[in-house]
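Dear colleague,

Please find below the structure that I am handing over to you. My notes on it follow directly after.

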Amino acid sequence: MVVGVLETVQSVETRIADKLGPQRFNTWFKNSTRLEFVGGCMRIIAPNLFVSEWIERNFSTTICEAAKDVTGQDFSLVFALDPKLAKQLGRKQPDRQAEFAANNPERLARQQRRLGPAQPAYPLRGRLDDFVVGASNQLAFTASCEVAQNPAKTLNNPLFIHGGCGLGKTHLLQGICNRIRETHPQTTWRYVSGEEFTNDYICSVKSHEESAFRERYRNLDVLVIDDVHFFANKRATQEEFLHTLKAIETAGKQIVLASDAPPKMIGHFSEMLISRFLSGRVVRIESPDLEVRANVLRDQAKRLGVEVSDAVIQKIAERLCSNIRELNGALLNVVAQAQLTKQPITLSLAERAIRDIVRQNAPVVMLSDIESIVTIFFGLTPPDLHTSRKSRPVALARGIVMYLARKHTEMSYPEIGRFMGKNHSTVILAERRIRQMLQQNANATWLTPAGPKERNVAVLMTEMEEQLGLGRKTEVA
């Protein structure tokens, strides 16, 4: 059985490579991911959050098609993290990932341009009816329902939803689109990521089709853009996006946006864009409380078609607190162990599985959150911090991540270094440099596409800690 599963995984990987081509496969999959089958799900395990989200956003359809080609079955995808995979990455692989992200091929943009104005490039899975609601996300859910019911006829325009990774922002945005499609079939809408909007715009400029691009985006009833922080260091895209916002707002139409950070913490946004975002409603999704976590696990168990006792649900919900993806990954791990050992899902089996996940993933989730907040502010991506680049913005952002990781996680210098592709001495020096800047109450300066920036390090650190839900804990002496 195990040999058969391994052969199936290898065949799926070969099929993915055939579909994507050697360059994409070697950059994003070879030595970088691990595929597993758990029941009716296929789990894609990646070394860090950036790689996981990139694969989910860009290659989900390809992976599902490859799996069906090999097995003849449909699988739903689940993504998880395993920092041990970072050790297997080639020395230059993070550099290639960062370069690929900065110069993404225009295939998606060309696909998007060929589509009608109201159709996404891929199916939208999120539905408002499936969203688990609790105190941590009630405001965002209510605002989303109001927009879906009466687009552009409420105070939620523009609606800007922000919160950490894996808390349900994309689910809500896709749910809005699906609800509008069902209840307002004559309403024209468009759902894209910030990256897809950027690629589409760049491609239109290169092909001298700017007017067609504007026709697609400015004559909509509802424009929904996920990961809007992707625009942070792209001046031309920001200018075009600002004109798009003005056109849609002037026409009395609806705009919905989502980001991992609030508008003021996206460091390279223009003041005019930030002002536009703040003129509507800005809502935050917090980390899920115990009740929400337990209900999420119950829904996941139902989708997997397995029976899980309330005691097991409660144990997982109590031990894993950060985000929905981590919860679903933990339950999948419990189900996989039960299937592998042919044992029932008991509390003792679940406790063993959870213990491994907590020990392996808890600090990684925290470090991934830190990377996300810091890189968004500096207009970078996590792979930028893992590369050999030493420009001032990269070095400063890398140092802040390492400092916060040492302060707020239990990871050692070598563990942080391994996760970020550096040696432990680099982490020690980076932490020491940031600590000295805090003690001296110094300002940090760096260059952006919009010109030089300067910020007090202590103030910046406090704001980042607040976004991480850590409160005002920055040491200045």
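Strand β4 (residues 159-163) runs parallel to β7, and 4 bridges join the two; strands pair here if DSSP finds at least two bridges between them. Within this pairing, His162 stands opposite Ser259 of β7. Strand β6 (residues 222-226) is likewise parallel to β7 and joined to it by 4 bridges, with Leu223 as the bridge partner of Ile255. Strands (E, at least two residues) and helices (H or I, at least four) are DSSP runs numbered from the N terminus.

The model is a predicted one, in which local features need pLDDT of at least 70 and side-chain atom pairs count only at pLDDT 80 or more, while totals for chains, interfaces and linings use all residues. Residues are numbered from 1 along each chain as its sequence is written, and side-chain values use heavy atoms, without hydrogens and water.

β6, helix α10 (residues 235-250) and β7 form a right-handed β-α-β unit: with the strands pointing away from the viewer, the path from the first strand over the helix to the second runs clockwise.

Strand β7 (residues 254-259) is largely enclosed by the rest of the structure, because 6 of its 6 residues are buried (under 20% relative accessible area, 1.4 Å probe, protein chains only). Gln254, Val256 and Ala258 are buried on one side, and Ile255, Leu257 and Ser259 on the other.

The chain averages a pLDDT (the predictor's confidence in each residue, from 0 to 100) of 83. Confidence is highest in β7, at 96, and lowest in helix α5 (residues 107-114), at a mean of 46.

Yours sincerely

Notes:
Buried < 20%, exposed > 50% of the residue type's maximum accessible area, 1.4 Å probe, protein only.
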